[in-house]
Amino acid sequence: MQEPNIISATKNDYMVLIRLWEASVRATHHFLNDSDIIRYKQLILHKYFDQVDLYCFKKNDVLLGFLGLSGDNIQMLFIEPSARGQGIGKELMKFAIEQKQATKVDVNEQNEQALGFYKHLGFVIMERYENDDVGKPYPILSMELQARK
């Protein structure tokens, strides 16, 4: 069995990434309706992917998760629904924090599983925004990694 690895994504990966993104969002973002998902999908595919450094988690050549970074900010983290709970998110976060010095993340307040995940990793809420980046009423929490003592 091949060891899992984290590699840089390219534009050639975008269609696979967006399928994983949609499956993950449908499994975790129950507060979004179909029209929201379609709108965000287009924005992510045609705009946001190009604005971040993308990294894929692959095991046996199967993409199981991905991460998008911009400077020290984790902009996106999505895991294949069937692979959730297997430590992939933790591996991607460890990579982001230790290899890329990421210390910040924004999360939808209504995505309670993700919020709990980031809190468990040592992130604390620094600020709350009523609307997301496209002005929708989905509150965003800006979180920052606290220094470990």
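I take buried to mean under 20% relative accessible area, exposed over 50%, and partly exposed in between, with a 1.4 Å probe and protein chains only. This is a predicted model, where local features need pLDDT of at least 70, side-chain atom pairs count only at pLDDT 80 or more, and totals for chains, interfaces and linings use all residues. Residues are numbered from 1 along each chain as its sequence is written, and side-chain values use heavy atoms, with hydrogens and water left out.

**Entry: N111**

I looked up N111 and found a relative accessible area of 7%, so N111 is buried. N111 sits in the loop between strand 5 and helix 4; helices (H or I, at least four residues) and strands (E, at least two) are DSSP runs numbered from the N terminus. I then listed its contacts, contact meaning heavy atoms within 4.5 Å. Leaving out residues up to four places away in sequence, N111 touches T28, H29 and F31.

**Entry: helix 1 and helix 2**

I checked how helix 1 (residues 14-28) packs on helix 2: the angle is about 150° and the axes are 11 Å apart. Axes are lines fitted to C-alpha atoms, for helices over the stretch in contact, and angles run from 0 to 180 degrees between N-to-C directions. Helix 1 and helix 2 are therefore roughly antiparallel to each other. For that label, angles under 35 degrees count as roughly parallel, over 145 as roughly antiparallel, 65 to 115 as roughly perpendicular and the rest as oblique.

The crossing of helix 1 and helix 2 is right-handed. I use left-handed if the near helix is turned anticlockwise from the far one by less than a right angle, and right-handed if clockwise. On the helix 1 side I noted Y14, M15, I18, W21, E22, V25 and R26, which meet D34, I37, Y40, K41, I44 and L45 of helix 2. By class, this contact of helix 1 with helix 2 has nine nonpolar, no polar and four charged residues. The classes are Ala, Val, Leu, Ile, Met, Phe, Trp, Tyr, Cys and Pro as nonpolar, Asp, Glu, Lys and Arg as charged, and the others, Gly among them, as polar.

**Entry: helix 3 and helix 4**

I found the axes of helix 3 (residues 88-99) and helix 4 (residues 112-120) coming within 12 Å and crossing at roughly 50°. That makes helix 3 oblique to helix 4. The crossing of helix 3 past helix 4 is right-handed. Here G89, K90 and M93 in helix 3 meet F117, Y118 and H120 in helix 4. I counted three nonpolar, two polar and one charged residues in the contact of helix 3 with helix 4.

**Entry: salt bridges**

I call a salt bridge a side-chain nitrogen of Lys or Arg within 4 Å of a carboxyl oxygen of Asp or Glu. The structure holds eight salt bridges. One of them pairs D36 with K136, with 3.0 Å between the closest N and O atoms. D36 lies in helix 2 (residues 34-48) and K136 in the loop between strand 6 (123-129) and strand 7 (140-145), so the pair ties together parts 100 residues apart in sequence. D36 counts as buried at 2% relative accessibility, whereas K136 counts as partly exposed at 25%.

I next looked at R128, which forms a salt bridge with E109, the closest N and O atoms being 2.8 Å apart. This pair links distant parts of the chain, 19 residues apart: R128 is in strand 6 and E109 in the loop between strand 5 (104-108) and helix 4. R128 is partly exposed at 40% relative accessible area, and E109 is partly exposed at 27%. The side chain of R128 also meets that of E130 in a salt bridge (2.2 Å, N to O).
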